[in-house]
Amino acid sequence: SMQCFPGLVLALSSLLGALALLQLSLYLRVPSRYGKHEERLCRPRGRLPARCAWFLQELPSFLVPALLLALRSPPRLEPLGCRLLCCLFCWHYFYRTFIYPFFTRGRPFPLQLLFFGMLFCIYNGFLQGYYLIYCAEYPNDWCTDIRFTSGLLLFLLGMGINIHSDLLLRQLRKPGELTYKIPQGGLFTYISGANYFGEIVEWFGFAIATWSLPAFAFAFFTLCCIGPRAYHHHRYYLKTFTDYPKSRKALIPFVF
Ligand code: NDX
């Protein structure tokens, strides 16, 4: 049966950090080519409807840790912190897999990126789940530790911002419509990447709550992946809409 190999956790986390840097170097200047940054929309081949694409892409991030949690024998009953934290991770990906895709009005998604996205979700789902279920050791009162409570608070706040902002984006379109408009309301009043800001806050909250290398590596990856994308969205809006609100920033309210 499976057990904890600390060397494996270290290696996988380091590779995740390296992937984050690779992302940064690849996508700082040019955005990853999906959504509003895809050049040719008129080529339907090599693309999947947004619903299927997001469902398939994010499913492993829910399934892998959920299976690890369910199949561990003997079941891990102590300490509570590990299971709670693993459930938080699964909870996010339950939303992202089973709820988000069914409401999205996004453009068809490129198969190639879907393939890499799925690989990434398998990798990260395994790393976070494996660490929490087989390796993490928390004192029994971890649930009252300031790291757990403040991290959990940030996680919930970020998740709220993320879900609310994705809802505001969705409402910009009627079903079947594929055009871009200026997002309004919520944190979009201050930043172009409100949904990304929420997601970044969420995963740094998770990292603080778990106080673990894998979770910090994932938060860093998220920052490197969607941070630059928020900046590219911002530039796109400024270029596309002459009446785009001047005071709006890219990712961090009032700052950047
Ligand atoms: N999926 C995370 N890397 C990614 C997909 C892409 O969950 O090769 C990372 C995730 C993957 C990436 C994933 C991993 C790395 C990949 C990358 C592609 C290349 C890269 C594989 C797995 C790679 C290496 C080199 C390492 C191998 O038509 P549309 O789609 O534009 O419509 C949009 C709509 N919308 C608007 N509608 C009207 N008017 C406007 N002005 C609008 N603006 C947007 O709203 C969409 O339907 C919707 C949201 O659009 P957008 O662009 O704001 O968000 P999107 O990027 O689609 O993300 C959706 C949600 C969001 O909440 C975000 O926080 C979360 O998913 N997310 C996304 C990406 C990564 C991630 C979270 C994370 O790292 N935690």
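Which handedness does the link of C4 and C135 have about the S-S bond? Select both residues in this predicted model: the link is right-handed, with 105° about the S-S bond. The sulfur atoms of C4 and C135 lie 2.1 Å apart, and the pair counts as a disulfide because this separation falls within 2.5 Å. The count for the model comes to one disulfide.

Next, colour the chain by secondary structure and follow it from one partner to the other. C4 belongs to the segment before α1 (6–27), whereas C135 is in helix α4, which covers residues 111–135.

C4 has 26% relative accessibility and counts as partly exposed. C135, at 12% relative accessibility, counts as buried because the value is under 20%.

Move on to C87, which takes part in no disulfide. The nearest cysteine sulfur to that of C87 belongs to C86, at a distance of 6.2 Å. With the surface still shown, C87 counts as partly exposed, at 40% relative accessibility.

Finally, select C121. Is this residue buried or exposed? C121 has 4% relative accessibility and therefore counts as buried. C121 is likewise in no disulfide; here the nearest cysteine sulfur is that of C225, 10.0 Å away.

Definitions and conventions:
Residues numbered from 1 in each chain as written. Predicted model: local features only at pLDDT ≥ 70, side-chain atom pairs only at ≥ 80, totals over all residues. Heavy atoms only, no water. Helix = DSSP H or I, 4+ residues; strand = E, 2+ residues; numbered from the N terminus. Buried < 20%, exposed > 50% of the residue type's maximum accessible area, 1.4 Å probe, protein only.
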